[in-house]
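Here is a short report on one protein structure. Look over the sequence and the fold before reading on.

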Amino acid sequence: MTVRVRFAPSPTGYLHIGGARTALFNWLFARKRGGKFILRIEDTDQKRTVPGAIEAIMDGLRWLGLDWDEGPDVGGPFGPYIQTERADLYREWANWLVEHDHAYKCYCTPDELAEMRQEQMAKKQSVGYDGRCRHLTPQQRAEKEAAGLKPVIRFKAPREGETIVPDLIRGDITYQNKQITDSVLLKSDGLPTYHLANVVDDHFMQISHIMRADEWINTAPLHIHLYRAFGWEQPIYAHLSLVMNPSGKGKLSKRTQAFTDSGQQVLVKVSEFQEAGLLPEAVVNFLANVGWSFGDDVEKFTLAEAMPRFELEDINPAPSRLNYTKLDWLNGQYIQEMEPLALAQAVKPYLDAAGLEVNPEALLAVMPPMSKRLKRLPEAVEFLRFLFDDAPFELTVEQATHKHMPREAAQQAFRQMRDLVAAIEPYDAETLGQALMKLGESVTANGKAGPFLGTARLAMTGQKVSPPLFESMVALGRERSLARLDAVLALFEEIGD
RNA sequence: GCCCCCAUCGUCUAGGGGACUAGGACGUAGGCCUUUCAAGCCUAAAACAGGAGUUCGAAUCUCCUUGGGGGCACCA
């Protein structure tokens, strides 16, 4: 069997991370089976269609490295791949259903339907269209038409029996047909609803497997009836679990929650992951671990490695939340592996944006030690500010001293350090390191260099956390290092008298 | 209200009747290393929602309860 799967978003905005995961699983499956991955745009709700959304979605997919074989931009043998460009096809098949007694015209107005729903709710009945237009006589129909009412086409759903939805992930799901309502297939604006467009397209695009989120599961029996009414073969279903909010309350959405309990921003759009300085390899790796597992206790892997192992049957049916902290860890792992030059290039835009005047050489020099400290690229801005900004930072005598190195000793230590830095040759990390270690051991009460080096770091960088001290001083250069030492010494003088 | 799905450490997961004193990862705690912070390494705490049943034997199968989620539009 030729595998053909599709990702079919509606262009109502950005690419959602949950959608990205659906796309990823489809992609993985298509690649594993040597099939085709198709991108189709479901834009039949023109009110919700947002200009530019198609591009935004494609950008998101491209960033993640999910390429498609057929789609709006690349075309393909079953196009067009944008539903509004296929409107005639749907109309044709909607009419076909009417002609074959599988569908009928309905003239109910929105008000009328709302009223019906209210009544049903008031009576605590199940809500759904009651089929009142099913048996209109030709005369009644003519009257409605004469009154200028524009009809919709509704499916004539079977009222008896049951329908089984076979699902690769969940097994057979049984529905009582009496619960399936006469859904609208063709709207009064002449465009199809999701149900019709989806079934018609999946058929003519020869889709073999439908992988989509759990939220669509209840539409499956209806769609199965449509396939039967048309006399078409139904695809194989596999309903993926939903991606939930970190709180566990509801499916992940833009609105619900902006921050997690630990204060992290809840990223939702793929573009937000990108802007947050996360690497696409990490995001995609992370996503693959949600609802699927590589096996062998392996957490970090590439898509190429995952692909041969991917099986639909292995997908976990339970909904899951996104663990953003784990994503950061994974991202850090990928950053550690980056070549210094690549990392410098990745980090530079953020430094530029922060208004820092970046010296490329100095930047490159501190990349190796930085790579172990970065979880997300933009963090580099605060880490490296000291390197590209000579504005004096706030420092107190308290910070420049230590319990094992009180005021007098600290002042003395910094004086010695200044002399040492001024004279040392060569001015490199190793020489500097050895000398400063020795100095440190001689100036602290406990004979350990740690307390001294900690304060020295503060004096050089203004930060408790920075690239390692010696490398930082080398990157800074002798002159600027001396200037910062002078600043500390001045601090002691000022307060001292 | 009706229908559907789901249920293993805080989170993501492994587990498909005996290999389970339930494994891994993130996070957390402690330790080592160390030039602070990281990174790395080691250790620890931490889960089969509850109840019946099937079986010699159940995290694994069935049912019920509970809890969570989704759906019930001329939205997708």
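Predicted model: local features only at pLDDT ≥ 70, side-chain atom pairs only at ≥ 80, totals over all residues.

Residues are numbered from 1 along each chain as its sequence is written, chains are lettered from A and ligands numbered from 1 in the order in which they are written, and side-chain values use heavy atoms, with hydrogens and water left out.

**Two crossing helices**

Two packed helices are described by the angle between their axes and the distance between the axes. Helices are DSSP runs (H or I, at least four residues), numbered from the N terminus. Axes are lines fitted to C-alpha atoms over the stretch in contact, and angles run from 0 to 180 degrees between N-to-C directions.

Helix H15 spans residues 407-423, and helix H17 spans residues 450-461. Their axes come within 11 Å and cross at roughly 65 degrees. H15 and H17 are therefore roughly perpendicular to each other (65 to 115 degrees). The crossing is right-handed, a term for a near helix turned clockwise from the far one by less than a right angle.

Which residues of H15 meet H17? They are Ala-413, Phe-414 and Met-417. On the H17 side are Phe-452, Thr-455, Ala-456, Ala-459 and Met-460. Contact here means heavy atoms within 4.5 Å. The residues of this contact divide into seven nonpolar, one polar and no charged. Ala, Met and Phe are among the nonpolar types.

**Salt bridges**

The structure holds 31 salt bridges. Each is a side-chain nitrogen of Lys or Arg within 4 Å of a carboxyl oxygen of Asp or Glu. Three of them are listed here.

| Pair | N to O distance |
|---|---|
| Arg-31 and Asp-69 | 3.1 Å |
| Asp-45 and Arg-48 | 3.3 Å |
| Glu-337 and Lys-300 | 2.7 Å |

Arg-31 and Asp-69 link distant parts of the chain, 38 residues apart. Arg-31 is in helix H1 (residues 17-32). Asp-69 is in the loop between helix H2 (53-64) and helix H3 (87-99).

Glu-337 lies in helix H11 (residues 324-337) and Lys-300 in the loop between helix H9 (280-288) and helix H10 (303-306), so this pair ties together parts that are 37 residues apart in sequence. Is Glu-337 buried or exposed? At 54% relative accessibility, Glu-337 counts as exposed. Buried means under 20% relative accessible area, exposed over 50%, and partly exposed in between (1.4 Å probe, protein chains only). Lys-300 is partly exposed at 27%.

Methods
Helix = DSSP H or I, 4+ residues; strand = E, 2+ residues; numbered from the N terminus. Parallel < 35°, antiparallel > 145°, perpendicular 65-115°, else oblique.
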